[in-house]
Amino acid sequence: MERVAVIGVGQTKYEQGKRDTFHELVFDVAGKALADAGMTIKDVDNIVSISSDFWDGRTISSMAIQDAAGAFGKDITTVEGDGTFGVLYGMMRILSGSFGVCLVVAHHKGTESNMNGITNTCFDPLLERRLGLDALSSAALQARRYMAVSGAMPRQFALVSVKNHGNAKNNPFAMLPMDITVEDVMNSPMLADPLKKLDCSPVTDGAAALILAAEREAKKLVTNKKRVWLLGVGHCTDAYRLGDRDLADTRALKKAAKKAYSMAGVDPWDIDMAEVYDAFSYMEPLWLEGLGFCDDGKGVEYLERGTFDMDGKLPVNPSGGRLSANPVQVAGLAEVIECVLQLRGTAGKRQVKGAEKALAQGINGMCGQSHCVWVLGK
Amino acid sequence: MADWKDQVEEIVFPGKISVPYFWTVGSTLSKWYVQMRDDGEIWGNRCPECGKVYVPPKIKCIDCYQDMNDWVKLPGTGTVETYTVVRYHEPTLHPKKPPFVYGVIKMDGADTGMVHFIDGVKPDKVKVGMRVEAVMAKERSGNILDIKHFRPIP
Ligand SMILES: [Zn+2]
């Protein structure tokens, strides 16, 4: 099978209250990614855009940013979901043989709308939507279930916030670099037990783009130094209704991870750094278990031992993670971009020394209903 | 691009999208809601292949992809699998004022969890594993709020 490379990346600083329109954000990051790849929009033959109609407040939100994405006169398609799934779609289009170079671009402005209201509309209008559930309250149900099954405690989840906000200090793109303690997390306002304000990712604005190329194009277009290969990918979904799953069971993620490792020909411990979807603090150890970095229920023990710190065996979320910036849909693309920067050795103060293999994991749907796992390598 | 406001006065358009919908509830959930509304009873349905009982009912078993026409009446009691005490206020979303409790309840006779309110108990007294029973609303109109909430079994 032909390989696919990431040959260019671009992202905005992630922050609240961006005063740029969606078009301006998309134009900005698409331009950065093209410049990074040393090419022009003429070299791109197709585009995958990633956005959410409800968040943008317009139907077929992708259509409105097509000219900004340089799509005029070209083929463009859309993913309404996390950026990791947009990369998947871009790769599949290239592997189909129909296209050679794909621009994948995502935009999001959480501060222009209402997170709880929008995530409430994810729930079935025939059932749970009327109860007022949203991303935060359903995550709290998952966190409590995870505690009940594993014995993990909120103080241990707080370690994730401490670590990731600390990592963000070395990432100029992150929104919330912070020196905080476990006590700070524990004393922050309780929103939905056991989740406190500092267990939750912030509402964020931003955009990101990357350029994928077929091996034949990648070799032609960029230097060896910048090119990073997509080695493996796996994706899998679980039941829609929260009650139809065990919220502490990561069966869908396990399947996705297994596929990604098998395609890449690696084991979990071949990975040198990982970006996992910590929309809420407890998610990081839960997803790390599903990804096979530790046994079920042991995530917080490894966390306490420092395994996932910057100087640990597997640095997790060197970017600062979603806890430090969570532009929904863009977030997974930002994870893949972080992996690319790490593998290029250009991640600045947060560089994981000698990183050869990197992993990014994105989620779609409430409480990680579906997962997309990427393994990238030099 | 961040500094353009130094030169230009910024304009912001407030907006709201308000579009009515009329969602059909379908054969399976309509039957469930009618049983709840008219008889105050909670039923589940069973997969003919694996025997799993779903509540709320489903058209097909997600594991076996089989039609599920075998209905079973449930006693309305169950066990709290997980819960959260909601402390933030979203007046347009939440039918209750905080603090209030959501739970996933594994109902006796069923294999799936049901998400609903837990009430009739102080929020900080709710525990995983607590035994609860459904309290039906007095006025019922055929929706999920026909179950008022679940309360601890005394
Ligand atoms: Zn079945």
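Which residues of α11(A) are buried? They are A:Met283, A:Glu284, A:Pro285, A:Leu286, A:Trp287, A:Leu288, A:Glu289 and A:Gly290. The views below are taken from a predicted model.

View 1. Helix α11 of chain A spans residues 283–290, and eight of its eight residues are buried, so the helix is largely enclosed by the rest of the structure. Just after α11(A), A:Gly292 adopts a positive phi of about 90°.

**View 2. The contact of helices α4 and α14 in chain A.** Two packed helices are described by the angle between their axes and the distance between the axes. Here α4 (residues 83–95) and α14 (residues 330–344) of chain A pack at an angle of about 70°, and their axes are 5 Å apart. That angle makes α4(A) roughly perpendicular to α14(A). On the α4(A) side the contact involves A:Gly83, A:Thr84 and A:Val87, which meet A:Gly332, A:Leu333, A:Glu335 and A:Val336 of α14(A). By type, the residues of this contact of α4(A) with α14(A) are three nonpolar, three polar and one charged.

**View 3. The zinc site of chain B.** Four cysteines coordinate the zinc ion through their SG atoms: B:Cys47, B:Cys50, B:Cys61 and B:Cys64, at 2.3 to 2.4 Å. Along the chain, these donors follow the spacing C-x2-C-x10-C-x2-C. Ideal angles for four tetrahedral donors at a metal are 109.5 degrees. In the site of the zinc ion, the angles among the four donor atoms are 105 to 115°, and the geometry is tetrahedral. Both B:Cys61 and B:Cys64 are buried.

**View 4. Two cis peptide bonds.** Most residues other than glycine have a negative phi, and most peptide bonds are trans. In chain A, a cis peptide bond joins A:Asp193 and A:Pro194, with omega about 0°. A:Pro194 lies in the loop between β5 (190–192) and β6 (195–196) of chain A. In chain B, the peptide bond from B:Pro98 to B:Pro99 is cis, and its omega is near -5°. The loop that holds B:Pro99 runs between β4 (77–86) and β5 (100–107) of chain B.

View 5. A:Gln329 is not a glycine, yet its phi is positive, about 75°. This residue sits in the loop between α13 (321–324) and α14 of chain A. A:Gln329 has a relative accessibility of 7%, below the 20% cut-off, and therefore counts as buried. A:Cys367, also not a glycine, has a positive phi of about 55°. The loop between β10 and β11 of chain A contains A:Cys367. With 6% relative accessibility, A:Cys367 counts as buried.

**View 6. B:Ser141 in a loop of chain B.** B:Ser141 is placed in the loop between β7 (131–136) and β8 (147–152) of chain B. Its relative accessibility is 55%, so B:Ser141 counts as exposed. Leaving aside residues up to four places away in sequence, B:Ser141 touches B:Arg37 and B:Asp146. B:Asp39 is 102 residues from B:Ser141 in sequence, and the two are 12 Å apart in space, C-alpha to C-alpha.

Notes:
Residues numbered from 1 in each chain as written. Chains lettered and ligands numbered in written order. Predicted model: local features only at pLDDT ≥ 70, side-chain atom pairs only at ≥ 80, totals over all residues. Heavy atoms only, no water. Donors = N, O, S within 2.8 Å, 3.2 Å for Na, K, Ca; no water. Tetrahedral: all angles 85-135°; square planar, octahedral: opposite > 155°, others 65-115°. Buried < 20%, exposed > 50% of the residue type's maximum accessible area, 1.4 Å probe, protein only. Axes fitted to C-alpha atoms, helices over the stretch in contact; angles between N-to-C directions. Helix = DSSP H or I, 4+ residues; strand = E, 2+ residues; numbered from the N terminus. Parallel < 35°, antiparallel > 145°, perpendicular 65-115°, else oblique. Contact = heavy atoms within 4.5 Å. Nonpolar A, V, L, I, M, F, W, Y, C, P; charged D, E, K, R; others polar.
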